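Please have a look at the model first.

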Amino acid sequence: MENFVINGGHELFGEVTVSGAKNAAVAIIPAALLSNDIVRIENIPNISDVSLIIQILDRMGAGIKMINKNTIEIDSRSVTYQEVPYELASHFRASYYLIGVMLGRFKKAEVAMPGGCDFGVRPIDQHIKGFEMLGAKVETINGMVCATADKLIGSSIYMDVVSVGATMNVMLASVLARGLTIIENAAKEPHIVDLANFLNSMGADIRGAGTDVIKIRGVEKLHGCTYSIIPDQIEAGTYMVAAAACGGDVLVKNVIPKHLESISAKLEEAGAEIIEYDDAVRVTRFKPLTRCNVKTMPHPGFPTDMQPQMAVVLSIAKGTSILSESVWDNRFQYVGQLLRMGADIQVDGKTAVIEGVSALTGVKVKATDLRAGAAMIIAGLVAQGTTIVEDIQYIDRGYEDVCEKFSMIGADIKRVEVSEPDVIAADAG
Ligand code: EPU
């Protein structure tokens with residue numbers, strides 16, 4: 001069991017390099033199984049969600065060679081059909097991509113209902129609708145999603161909600177289907193484009209990714225390739241927000257600035273200065289933060305996965321800000337932790353009204369989920385005194401070398417082993 005111990009109240013200065021995108025990697029790595037060949041994937045983030053998906057592929061008989069900590073070679077020629085049991089699938093959300101992949105390759109999939117961060121109900125009805133429109137029969141039996149098809153045939157699928165996961169899963173299931181599949185009202189996130197580019201590198205025929213209509217013409221088979229995953233938009237945004245919250249001058253490297261525009265726009269509105277380079281952004285902030293309103297939206301809107309981090313900036317910005325969540329039903333569970341640090345936030349349903357305070361104070365807080373955990377680190381860096389962040393296993397799901405990277409920009413943060421008796425004593429208190 002580990003905690004982060006942060007001594008806050010300092011500005012941040014220096015350079016930080018962003019890793020590959022988690023939400024692209026967790027789809028692209030299983031998608032390699034569709035090729036029945038050898039695939040090399042570069043720029044994978046070294047995080048626990050990726051380790052889990054690699055373990056599942058290993059269990060399915062894929063040959064896994066770690067070339068280095070960010071490059072993997074996957075040989076899926078000897079992969080056999082397997083169920084994906086609860087003990088593996090329940091740990092992370094992206095296990096649902098195995099349904100699309102296995103349905104595409106074996107015309108059959110049995111995967112336990114996925115886990116992941118708790119933001120309220122997380123249905124997969126649009127994934128199932130997509131698979132059914134391709135000709136699959138899908139049932140949920142004892143917590144397992146069971147899908148079978150004699151053959152998959154391209155179809156026109158209208159998504160009732162804009163869903164990243166459903167858009168990617170239908171792409172995965174349809175890439176080897178017969179004929180043309182059209183996904184309407186598709187999600188447009190950068191990782192959708194990355195998955196399409198990866199599948200096309202293996203010989204797929206996908207057009208329109210990044211727009212709300214994606215056309216997938218099924219091909220007979222896919223071949224091996226070498227592919228490099230895009231930089232992580234949310235990891236980049238997290239360091240940008242940290243620089244804006246603490247003040248200072250930070251260069252965030254290995255990014256695609258276009259993917260960061262909504263985050264840059266809001267940070268500028270709040271008083272930071274952003275300079276874009278070809279593959280880096282520089283965030284400086286030396287004047288006081290001012291209030292602004294933020295509403296999360298599907299891409300290209302402000303990402304929901306940056307909402308908790310942005311709440312920290314608004315907590316110390318002069319004036320009253322309105323932070324609205326429009327993607328998830330229940331993504332303000334972390335607010336109680338910020339209140340304990342002295343923030344002034346009132347939540348009413350999917351809206352938080354944030355009254356800026358002059359300072360936060362370090363206390364013991366919990367990472368209630370992955371992005372909430374990132375927000376707790378930023379709050380700890382801003383706060384006067386010492387903050388202890390518990391349950392950091394959530395943060396390790398999505399941030400590579402988070403302690404080292406924050407240290408490189410001058411943060412006083414340490415990962416500290418906590419013995420079990422201490423944990424029990426702390427919980428009892
Ligand atoms: N939805 C449905 N039916 C479905 C699918 C989704 O009603 O079949 C609803 C959801 O309940 C939600 C909205 O549609 O209200 C959007 O959900 P989406 O499917 O886009 O989310 P997801 O694919 O499950 C991914 C990311 C999340 C990120 C969301 C939104 C992965 C593995 N996860 O989840 O990332 O918040 O898109 O951008 O890609 C994170 O990285 O911390 C994280 C939670």
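This is a predicted model: local features need pLDDT of at least 70, side-chain atom pairs count only at pLDDT 80 or more; totals for chains, interfaces and linings use all residues.

## The second largest pocket

The second largest pocket holds about 240 Å³ of space. Of its 16 lining residues, Ala 245, Arg 285, Ile 316, Ser 358 and Val 382 are the closest to its centre. Two elements, α8 and α12, each give two or more residues to this lining. By class, the lining divides into nine nonpolar, four polar and three charged residues.

A word on terms: the search runs on a 1 Å grid over the protein atoms alone, and a pocket is an open set of points with protein on both sides within 12 Å along at least five of seven lines, while a cavity is a set where a 1.4 Å probe fits but cannot get out; lining residues have an atom within 4 Å of a point. Points are joined across faces, edges and corners, and a volume is the space filled by probe spheres set on them. Ala, Val, Leu, Ile, Met, Phe, Trp, Tyr, Cys and Pro count as nonpolar, Asp, Glu, Lys and Arg as charged, and the others, Gly among them, as polar. Helices (H or I, at least four residues) and strands (E, at least two) are DSSP runs numbered from the N terminus.

Residues are numbered from 1 along each chain as its sequence is written, and side-chain values use heavy atoms, with hydrogens and water left out.

The mean pLDDT (the predictor's confidence in each residue, from 0 to 100) of the chain is 94, and 96% of its residues reach 70 or more. Residues 423-429 stay under 50, and the model gives them five contacts beyond four places in sequence, a contact being heavy atoms within 4.5 Å.

About 1,000 Å³ of space lies in the largest pocket. Its lining has 43 residues, with Arg 122, Val 164, Gly 165, Val 327 and Trp 328 nearest the centre. The elements that supply two or more of the lining residues are α1 (22-31), α5 (125-133), α6 (164-174), α8 (233-246) and α12 (370-382). In this lining, 21 residues are nonpolar, eleven polar and eleven charged.

For Gly 165, a backbone N or O atom is 2.8 Å from a ligand oxygen, and for Asn 23 a side-chain N or O atom is 3.1 Å from one.

The whole structure has three cavities of 30 Å³ or more, and the largest cavity holds about 80 Å³. Its lining includes Lys 22, Asn 23, His 191, Gln 233 and Arg 371. At least two lining residues come from each of α1, α7 (190-201) and α8.

## Two backbone details

The peptide bond from His 299 to Pro 300 is cis, with omega near 10°. Pro 300 sits in the loop between β17 (294-295) and α10 (307-315). Lys 107, a residue other than glycine, has a positive phi near 60°.

Conventions
A polar contact is a pair of N or O atoms within 3.5 Å; within protein, one must be able to donate a hydrogen and the other to accept it, and residues adjacent in sequence count only if both atoms are side-chain atoms.
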